[in-house]
Amino acid sequence: MIRVGVGTDKHRLSGGRKMILGGVHVEAIVGPVGHSDGDAVAHAIIDALLGAAAQGDIGAHFPDTDPRWKGADSLALLKAAVELLRSQGWRPINVDCSIHLERPQLKDLKEAMARRLAAAMGLPRECVSIKAKTGEALDSVGRGEAVEAFAVALIEKSD
Ligand code: MG
């Protein structure tokens, strides 16, 4: 059995927050606002994986009202989501993600993100793809007010 899932996430950017994307620290004067570390990349991938297994969404499993997830390392949440899937016999095959961020450029960090995310999911590096683009100075991403991520995940289970 093979299933595909899609996930998206968007976080407002504000001063006084560290920017962590794909589990990697990004040098920036703003960072994503959120109950956890605000890692929109990890969050989009979690939703894609949960969606593929028809297991609801990140808010159902890691509610932002739960003090356990305050300031949480989102890679730990990703790991937990994969463990949930594995406990039901699902195995992630591959993940593809696009990040929309106006600045800074992420081109030199994509490899590190893919490695960190792959390790968190227990996947080979070549099964994780990270792409980045800007918002072309349009909308909230383009104005530097937000970071957004889009992900798809493929999972399989043997009969
Ligand atoms: Mg989020």
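Me: How are the donor residues of the magnesium ion spaced in sequence?
Reply: They follow the pattern D-x1-H-x31-H. Bear in mind that this is a predicted model, where local features need pLDDT of at least 70 and side-chain atom pairs count only at pLDDT 80 or more, while totals for chains, interfaces and linings use all residues. Numbering starts from 1 along each chain as its sequence is written, and side-chain values use heavy atoms, with hydrogens and water left out.

Me: Which protein atoms are the donors of the magnesium ion?
Reply: Asp 9 (OD), His 11 (NE2) and His 43 (ND1), lying 2.1 to 2.2 Å from the ion. Donors here are N, O and S atoms within 2.8 Å of the metal (3.2 Å for Na, K and Ca), and water is not among the atoms, so sites may look incomplete.

Me: Is Asp 9 buried or exposed? And His 11, buried or exposed?
Reply: Asp 9 is buried at 17% relative accessible area, and His 11 is buried too, at 11%. Buried means under 20% relative accessible area, exposed over 50%, and partly exposed in between (1.4 Å probe, protein chains only).

Me: What is Ala 146 in contact with, beyond its neighbours within four places in sequence?
Reply: His 11 is on that list, which also includes Lys 10, Arg 12, Leu 13 and His 100; contact means heavy atoms within 4.5 Å. Ala 146 sits in strand 7 and is buried, with 4% relative accessible area. From Ala 146 to Arg 12 it's 4.4 Å, C-alpha to C-alpha, though they are 134 residues apart in sequence.

Me: Switching to helix 3. Which of its residues are buried?
Reply: Ser 74, Leu 75, Leu 77, Leu 78, Ala 81, Val 82 and Leu 85. They span an arc of only 155 degrees around the axis, so they are on the same side of helix 3; the arc is that of the directions from the helix axis to the C-beta atoms. Helices (H or I, at least four residues) and strands (E, at least two) are DSSP runs, numbered from the N terminus.

Me: What covers them?
Reply: The cover includes helix 1 (40-52), strand 5 (91-100), helix 4 (110-121) and strand 7 (146-156). Over on the other side of helix 3, Glu 83 and Ser 87 are exposed.

Me: What caps the N-terminal end of helix 3?
Reply: Asp 73 does, with a side-chain oxygen 2.9 Å from the backbone nitrogen of Leu 75. After the helix comes Gly 89, which has a positive phi, near 90 degrees.

Definitions and conventions:
A polar contact is a pair of N or O atoms within 3.5 Å; within protein, one must be able to donate a hydrogen and the other to accept it, and residues adjacent in sequence count only if both atoms are side-chain atoms.
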